[in-house]
Amino acid sequence: MKAAISLLTGFIFAIGLGISGMTQPHIVKGFLDIFGQWDPRLMGVMIGAILVHGIAYRIILKRKSPVLDTRFHIPVESSIDKRLIFGAVIFGLGWGWAGICPGPGIVAMTSGRPEFLYFILSMLVGMKVFQLLEARIFKPS
Amino acid sequence: MQSIFGGALIGIAVSIMLLFNGRVTGISGIVGGILNPNALDRNWRIFFILGLFLGGLSLKYLAPSSMILESLATPNDYILAGLLVGFGTIMGNGCTSGHGVCGISRFSKRSIISTLTFILSGIVSVQLFKLLRGGL
């Protein structure tokens, strides 16, 4: 059942990304190009998503637990540290460079364009590299 | 505007995930969890990615214009960008979905700082790209 919910969620998420233009790198880059011809569409997506989820989140969290699980898995970490900031800086550099972030990249892979495949494969490598590095830093043998 | 409607769909999707599975829909975190050999909860993650694929395949037919790729970026640019995005999102614990949508909706201070930071660094990156390539 959880798998079915995940499948449905992924499907709706992808449709939302597609119709809002987020699977097209030039629209994402256009939003970040504030000194050029600014494209407001990414801001529209954020507003739509945060309005809906901002309200729904508060209603859902009135429940003791989610429908299919014993507890909510919500991040409790609250410190602003170097790891958070440097991670965001590095992510932003890559995001602006190609105009793709993880979700739209995965969805756009279905277009068959090899560019998205290059992006996702190297993204997986980047993720794995950090995970291995992290294991070394935080769990010395 | 169509982008606000698309955003609302994304808001509905992440709300369904929270209501039923109790999970935050952060895509980099979901993918990172699949890559982690110690993860015990791969199943829902894999089905979420499968849902993204199915959505993408439907878009190809429902809204073919959503799959247009217009950019001066070369294959090497996509590889470089992918490496940075992968490394940075796992280091910073989230991307546009986890921090930008889910975190900001919770008013999480970490997510607000993260989102402002990656937007700023994205702006710098686009300017750098334009300077080197003469366009987007």
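The model is predicted, so local features need pLDDT of at least 70 and side-chain atom pairs count only at pLDDT 80 or more, while totals for chains, interfaces and linings use all residues. Residues are numbered from 1 along each chain as its sequence is written, and chains are lettered from A in the order in which they are written.

**Exercise 1. Describe the two chains.**

Step 1: list the elements. Helices (H or I, at least four residues) and strands (E, at least two) are DSSP runs, numbered from the N terminus. Chain A has 6 helices and 0 strands, and chain B also comes to 6 helices and 0 strands.

Step 2: look at the extents. The C-alpha atoms of chain A fill a box of roughly 45 × 45 × 30 Å along the principal axes; for chain B the C-alpha trace spans about 45 × 35 × 35 Å.

Step 3: check burial. A residue is buried if 20 or more other C-beta atoms, placed from the backbone, lie within 10 Å of its own, exposed if 12 or fewer, and partly exposed in between. In chain A, 54% of the 141 residues count as buried; in chain B, 57% of the 136 residues do.

**Exercise 2. Find how the chains touch.**

Step 1: count the residues. Two residues are in contact if their C-beta atoms, placed from the backbone, lie within 7 Å. Chain A gives 100 residues and chain B gives 98 residues.

Step 2: locate the main contributor on chain A. Helix 1 of chain A supplies the largest share of that side, 17 residues.

Step 3: sort by class. Ala, Val, Leu, Ile, Met, Phe, Trp, Tyr, Cys and Pro count as nonpolar, Asp, Glu, Lys and Arg as charged, and the others, Gly among them, as polar. The side of chain A that touches chain B holds 60 nonpolar, 29 polar and 11 charged residues.

**Exercise 3. Work out how helix 3 of chain A lies against helix 1 of chain B.**

Step 1: take the geometry. Axes are lines fitted to C-alpha atoms, for helices over the stretch in contact, and angles run from 0 to 180 degrees between N-to-C directions. Here the axes come within 7 Å and cross at roughly 30°.

Step 2: apply the opening rule. Helix 3 of chain A and helix 1 of chain B are therefore roughly parallel to each other.

**Exercise 4. Examine helix 2 of chain A.**

Step 1: count the covered residues. In helix 2 of chain A, 7 of its 8 residues are buried; among them are Ile27(A), Phe31(A) and Leu32(A).

Step 2: find the partners. The buried residues of helix 2 pack against helix 3 and helix 4 of chain A together with helix 6 of chain B.

**Exercise 5. Trace the largest nonpolar core.**

Step 1: define the core. A nonpolar core is a set of buried Ala, Val, Leu, Ile, Met, Phe, Trp, Tyr and Cys residues joined through C-beta atoms within 7 Å. The largest one has 77 residues, and those with the most contacts inside it are Phe119(A), Ile10(B), Ala81(B) and Leu84(B).

Step 2: follow one residue. Leaving aside neighbours within four places in sequence, Ala81(B) is in contact with Gly94(A), Trp97(A), Ala98(A), Ile100(A) and Phe119(A).

Definitions and conventions
Angles under 35 degrees count as roughly parallel, over 145 as roughly antiparallel, 65 to 115 as roughly perpendicular and the rest as oblique.
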